[in-house]
Amino acid sequence: MSKYNVWLKTANKLEESIIDDFRARVTASPDDLTEENAAKLPAEYFQFAHNEFKEAERAGYSNYSYWGSTIRMFFRNKMGVVTFAILVVLMGFAFIQPILPGQLDPGTIHDDLTAVPVRFYRNVPPQFFEGRFFLGTNAIGQDLWARMWAGTRNSLFIGFTVAGISMAFGIMFGMLWGYVRKLDFLFTEMYNIINNIPNTIILILAAMLFGPSIPVLVAAMSMWAWIGHAHNIRNLTLMFRDREFNLASRCLGTGVFRVIIRNLLPQMISVIMLRMALAVPIAITGEVFLSYLGLGISQVTPTLGNLLEMARPLMRAHPYQLLFPAAILSVISICFYLAGNAFSDSADPRNHV
């Protein structure tokens with residue numbers, strides 16, 4: 001017989017003896033429960049049990065916080081934290097750059113017409129350690145350092161505004177589209193019409209009617225982008241619409257908007273965060289593409305798209321004019337993608353422990 005079987009047999013005998021002793025002492029018949037036998041019973045058998053409400057509340061208490069757990073999960077992702085830090089530093093420097101000492105105006109043409117002979121500061125190469133043009137100048141003598149950060153600010157403004165407007169309308173109409181069955185036909189036909197019209201045609205018509213400007217570009221891009229977000233949110237809403245907790249809410253008479261906000265929206269936070277993070281670089285890339293085709297904002301207003309479009313004819317002779325704006329655009333797009341994915345995974349309640 002193995003040691004395990006001997007140990008198991010001994011444990012079973014000990015357990016049986018303890019149970020028999022307990023039964024003999026507690027379940028004694030009234031005839032056997034004399035004063036002498038009762039005196040032998042432990043004193044705690046005859047004490048009243050008291051309810052400790054504070055202890056009961058403490059046992060059922062949980063300090064779980066959704067956003068607190070999301071932030072902790074996000075900071076465990078090293079790649080997400082690094083890319084988010086790069087993004088914060090880049091955006092922060094873009095907005096504080098104009099107030100730093102020694103900065104040049106992005107729209108000023110730097111030509112010294114009083115000198116003999118006249119000096120034209122055009123296509124000046126980068127002067128990293130000497131001179132006043134840190135990244136050089138463009139074809140008309142404007143400082144590329146100042147224009148690059150001014151273009152970054154304008155492109156970020158376009159990206160965040162388009163992403164915010166399109167996501168707000170996409171979430172609102174997408175949930176109504178998926179939850180209210182009577183609206184399905186209307187939104188489906190609207191989706192088929194808008195989705196089959198190329199975005200470029202919408203932007204060309206908007207530029208021809210109202211002129212190329214930041215408000216026109218933002219309105220035209222948002223008018224086309226919201227329907228894609230709405231379609232994605234509608235599909236998610238269909239997944240959660242007939243779950244048990246939603247059926248219970250409807251049976252209790254809960255209103256449509258309360259069900260959407262309280263029941264459906266928390267289920268989609270991770271997906272919404274990811275799409276919001278990806279919508280910003282997509283909008284910036286759309287502005288760059290339109291400016292590259294000559295359909296974007298006027299070159300008087302610097303954007304990353306305008307800088308790339310102006311550098312395109314000179315990229316063989318002066319590649320630095322294309323390299324620096326392209327590097328900024330690439331860093332923004334990559335950081336938004338990686339940080340957005342990391343935050344989306346962190347916002348998923350199934351990943352919380």
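Which residues line the largest cavity? The tour of this predicted model begins there.

**The largest cavity.** Select Leu 203, Ala 206, Ala 207, Gly 211, Pro 212, Ser 213, Val 216, Leu 217, Leu 295, Gly 296 and Ile 297, which form the lining. The elements giving two or more residues to this lining are helix H8 (199-210) and helix H9 (214-240). H8 supplies the largest share, three residues.

Next, select Asn 138, Leu 144, Arg 147, Leu 307, Met 310, Ala 311 and Gln 321. These residues line a space of about 50 Å³. H6 and H13 are the elements that each give two or more residues to this lining, with the largest share, three residues, coming from H13. Four of the lining residues are nonpolar, two are polar and one is charged.

**Helix H6.** Now select residues 144-179, which make up helix H6. Of its 36 residues, 27 are buried, so the helix is largely enclosed by the rest of the structure.

**The nonpolar cores.** Proceed to Trp 149, Ile 284, Leu 304, Ile 328 and Ile 332, which touch the most other members of the largest nonpolar core, a set of 24 residues. Helices H5 (78-96), H6, H12 (269-292), H13 (304-311) and H14 (320-347) each give two or more residues to this core. Centre the view on Ile 332 to find its contacts, among them Leu 87, Thr 152, Leu 156 and Ile 284. Finally, select Ile 158, Ile 202, Leu 203 and Met 221, which belong to a second, separate core of 14 residues.

Methods. Residues are numbered from 1 along each chain as its sequence is written. This is a predicted model: local features need pLDDT of at least 70, side-chain atom pairs count only at pLDDT 80 or more; totals for chains, interfaces and linings use all residues. Side-chain values use heavy atoms; hydrogens and water are left out. Helices (H or I, at least four residues) and strands (E, at least two) are DSSP runs, numbered from the N terminus. The expected span of a helix is 1.5 Å times one less than its number of residues. Buried means under 20% relative accessible area, exposed over 50%, partly exposed in between (1.4 Å probe, protein chains only). A nonpolar core is a set of buried Ala, Val, Leu, Ile, Met, Phe, Trp, Tyr and Cys residues joined through side-chain atoms within 4.5 Å. Contact means heavy atoms within 4.5 Å. On a 1 Å grid over the protein atoms alone, a cavity is a set of points where a 1.4 Å probe fits but cannot get out, and a pocket is an open set with protein on both sides within 12 Å along at least five of seven lines; lining residues have an atom within 4 Å of a point. Grid points are joined across faces, edges and corners, and a volume is the space filled by probe spheres set on the points. Ala, Val, Leu, Ile, Met, Phe, Trp, Tyr, Cys and Pro count as nonpolar, Asp, Glu, Lys and Arg as charged, and the others, Gly among them, as polar. Lists of a residue's contacts leave out its neighbours within four places in sequence.
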